[in-house]
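Thanks for coming, everyone. I'd like to walk through the contacts in this structure, one interface after another.

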Number of protein chains: 2
Amino acid sequence: MKTINVDLGERSYPIIIGRGLMDGNFDLADYVHGPDCLVVSNETVAPLYLEKLRPNLAGREVASISLADGESYKTLATMQTILDKLVASGANRDTTVIALGGGVVGDIAGFAAACYMRGVAFIQVPTTLLAQVDSSVGGKTGVNHEKGKNLIGAFYQPRVVLIDTDSLNTLPAREFRAGLAEVIKHGAICDPAFFAWLESNMAALLEKDPEALAHAIQRSCEIKSGVVAEDEREAGRRAILNFGHTFGHAIERCLGYGEWLHGEAVAAGMVMAAELSGIAAADLSRLKELIAAAGLPTEPPAIAAERWLDAMGMDKKAQQKQLRFVLLRSLGEAYISADYDRAGLAALTGAPL
Amino acid sequence: MKTINVDLGERSYPIIIGRGLMDGNFDLADYVHGPDCLVVSNETVAPLYLEKLRPNLAGREVASISLADGESYKTLATMQTILDKLVASGANRDTTVIALGGGVVGDIAGFAAACYMRGVAFIQVPTTLLAQVDSSVGGKTGVNHEKGKNLIGAFYQPRVVLIDTDSLNTLPAREFRAGLAEVIKHGAICDPAFFAWLESNMAALLEKDPEALAHAIQRSCEIKSGVVAEDEREAGRRAILNFGHTFGHAIERCLGYGEWLHGEAVAAGMVMAAELSGIAAADLSRLKELIAAAGLPTEPPAIAAERWLDAMGMDKKAQQKQLRFVLLRSLGEAYISADYDRAGLAALTGAPL
């Protein structure tokens with residue numbers, strides 16, 4: 001069992017990583033300060049893990065709600081069903097909300113916890129690779145608007161993140177690969193040594209070798225929590241974690257949420273962002289090859305030029321109505337800029353200059 | 001013009017109080033850091049003040065949205081219309097949301113500002129007495145759930161609160177009196193001298209004497225911001241600002257939101273809470289007399305016992321499923337307690353022990 005501390009002053013919390021932490025092998029009740037909690041899960045994850053999580057909550061009243069599975073349900077309407085459930089359970093300010101599932105469950109449940117009675121305690125138990133290496137860490141919560149990803153939400157930190165890596169054994173291969181996109185991203189933006197390690201160990205990761213997995217998850221959580229600790233509310237540097245996401249979010253929106261998985265869209269988006277960055281050809285090749293080795297797309301789907309621009313216009317990094325991109329100087333060094341190559345963007349999206 | 005500073009560290013902000021501050025007499029554009037803002041108002045206030053506020057925003061792009069007027073529209077659905085308008089306006093993270101209106105407009109607009117792109121800048125321009133002396137100060141934002149007041153929301157501080165006391169000249173008498181309930185509350189919970197001043201000056205206040213009004217608003221903002229500065233997120237002492245509100249919220253919910261105004265329900269609720277406190281008969285009489293002098297109810301409407309208890313069960317101060325009340329030791333000294341007089345509560349609500 002490994003513990004990583006996310007250093008955010010009075011909002012600091014631990015990330016606990018290990019095998020077999022459910023079935024009562026880690027006492028979550030220590031983090032449930034009131035008498036009761038609500039476990040938010042979905043119809044896929046609840047049958048697999050809800051009963052396995054109960055022994056971790058011994059001595060607490062446990063209510064649960066199961067959401068429909070998929071990005072297309074990450075809406076304000078779904079969030080409202082969680083709030084209704086909290087009200088119906090007579091939940092008070094000392095109730096704790098626990099997210100058990102992937103990124104969608106964590107994002108909606110966290111936003112509901114942030115809003116219910118202006119904020120109740122929140123715990124993340126991520127069961128997908130994407131949630132374990134990325135979305136459960138750092139306090140971004142929210143739902144989609146039909147015009148853009150995560151346009152409605154809150155920065156709201158959990159009390160603890162519990163990662164039982166055994167839950168990856170039931171994760172469909174496509175979702176597992178999608179999670180690798182964010183792992184690769186962490187190497188690409190700020191850790192060339194980790195990027196090189198991924199090049200050497202991608203085969204082991206795809207075979208779910210426990211040691212390789214543990215290292216990839218731990219290093220991803222360390223990189224992400226380090227960036228978040230510097231800039232919790234994304235006033236500046238935190239935006240580098242969005243590498244590939246301006247294009248990726250536009251792909252998800254244009255195809256309809258859930259058509260491509262988030263990680264797949266980010267994979268193709270990272271290649272586009274690297275091309276826009278004008279990095280050395282050798283670096284671009286290494287990025288494309290690692291993404292391809294993970295079984296992820298290196299090219300976007302066909303999208304009309306005007307739809308690219310419209311979808312990217314809702315990007316949260318925009319300032320003064322001006323798009324900003326996360327670009328690479330080289331593999332392992334990212335920066336944020338509004339001074340990107342206009343001709344390059346036109347070439348990538350087919351849009352006029 | 002008076003300025004009161006709300007001391008909340010990096011979230012500190014000024015409250016500006018004066019006559020005739022609209023019509024461009026105070027530069028709000030200094031607080032609008034990005035190129036554009038969205039003014040949220042309602043169908044009653046917008047025709048009176050939207051054009052008068054524009055000169056205060058010179059040099060900024062100003063969009064506006066007008067909500068239906070009334071507590072019954074303080075819902076997640078109304079909040080969604082503001083979010084839709086922000087998206088349709090192409091609002092980015094550097095957009096500013098400005099609430100122009102009473103407590104309902106401020107609460108919904110503030111919550112929308114808190115959630116849009118996980119938080120954009122927010123400004124309050126309260127135009128009712130209730131909003132000027134209470135709801136615009138302290139960062140409580142939110143909407144009602146059909147089962148309870150303000151069950152969904154966020155603590156989210158404005159950048160500045162601009163109080164033009166001339167706006168009270170157009171306020172209906174019933175709403176003006178409702179605002180006085182919160183003014184009286186501030187004296188009752190922590191300032192016996194202010195309570196005595198109100199006893200001597202209630203007639204002048206009801207005649208809207210400018211000097212008396214300015215003093216009442218200023219002293220209310222000072223008392224409230226002092227309490228909030230000690231306990232921004234209501235971990236403890238801030239809850240004294242809820243004196244009369246456990247009963248008051250239950251009255252509002254049981255009658256249907258908007259039937260009694262919030263201040264009217266709080267007025268009757270304060271008398272109930274004072275009776276539950278068992279304070280000296282002379283203090284209780286003074287409280288009742290001041291409330292009656294303000295033209296406010298000193299008794300609750302007829303509500304069945306089981307409805308009282310059900311409605312109060314959703315109070316946000318409850319802990320371990322246990323009701324907590326804000327009680328008085330004497331006029332000017334409030335405290336919070338779960339150790340209240342059960343027989344007294346039964347007598348007040350008609351409920352069995």
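Start at K140(A). K140(A) makes a salt bridge with E234(A), and their closest N and O atoms sit 2.4 Å apart. Keep in mind that this is a predicted model. Side chains of opposite charge can pair when their charged atoms come close.

How many salt bridges does the rule find across the interface of domain 1 and domain 2 of chain A? Five. Polar contacts across that interface come to 14 residue pairs, both residues at pLDDT 80 or more.

Which elements build the domain 1 side of chain A? Five of them give at least two residues each: β1 (2-6), β2 (13-18), α4 (129-135), β7 (140-145) and β8 (148-155) of chain A. The largest share comes from α4(A), with six residues. By class, that side of domain 1 of chain A has 13 nonpolar, 12 polar and 10 charged residues.

Now step back to the domains themselves. In chain A, domain 1 runs over 2-170 and domain 2 over 173-349. Each of the two, domain 1 of chain A and domain 2 of chain A, puts 35 residues into the contact. Their centres, taken over C-alpha atoms, are 25 Å apart.

What about area? The two domains of chain A bury about 3,000 Å² between them. Carbon and sulfur atoms give 64% of that. Three residues stand out on the domain 1 side: V133(A), K149(A) and F155(A). They supply 20% of the area that domain 1 of chain A buries against domain 2 of chain A, more than any other three residues.

Next, the interface between the chains. Chain B brings 42 residues to the contact, and chain A brings 42 residues. The buried area between chain B and chain A is about 3,600 Å². Here carbon and sulfur atoms give 53%. Which residues of chain B lose the most area to chain A? R93(B), R118(B) and K321(B), together 23% of what that side buries.

Look at charge again. The rule finds two salt bridges across the interface of chain B and chain A. One pairs R93(B) with E234(A), at 3.2 Å from N to O. Over all chains, the structure holds 46 salt bridges.

Polar contacts between chain B and chain A number 10 residue pairs, both at pLDDT 80 or more. On the chain B side, the elements that give two or more residues are α2 (76-88), α3 (103-115), β7 (140-145) and β8 (148-155) of chain B. β8(B) gives the most, six residues. That side of chain B divides into 17 nonpolar, 13 polar and 12 charged residues.

Last point: how are the copies related? Chain B superposes on chain A by a rotation of 180 degrees, with 0.0 Å of shift along the axis and an RMSD of 0.0 Å. That is the relation of a two-fold axis. And 100% of the interface residues of chain B are also interface residues in chain A, so the copies meet through the same surface.

Conventions: Residues numbered from 1 in each chain as written. Chains lettered and ligands numbered in written order. Predicted model: local features only at pLDDT ≥ 70, side-chain atom pairs only at ≥ 80, totals over all residues. Heavy atoms only, no water. Domains from an automatic or database assignment. Contact = heavy atoms within 4.5 Å. Buried area = accessible area lost by both parts, 1.4 Å probe. Salt bridge = Lys/Arg side-chain N within 4 Å of Asp/Glu carboxyl O. Polar contact = N/O pair within 3.5 Å; in protein donor to acceptor, adjacent residues only side chain to side chain. Helix = DSSP H or I, 4+ residues; strand = E, 2+ residues; numbered from the N terminus. Nonpolar A, V, L, I, M, F, W, Y, C, P; charged D, E, K, R; others polar. Least-squares fit on C-alpha atoms with pLDDT ≥ 70 in both.
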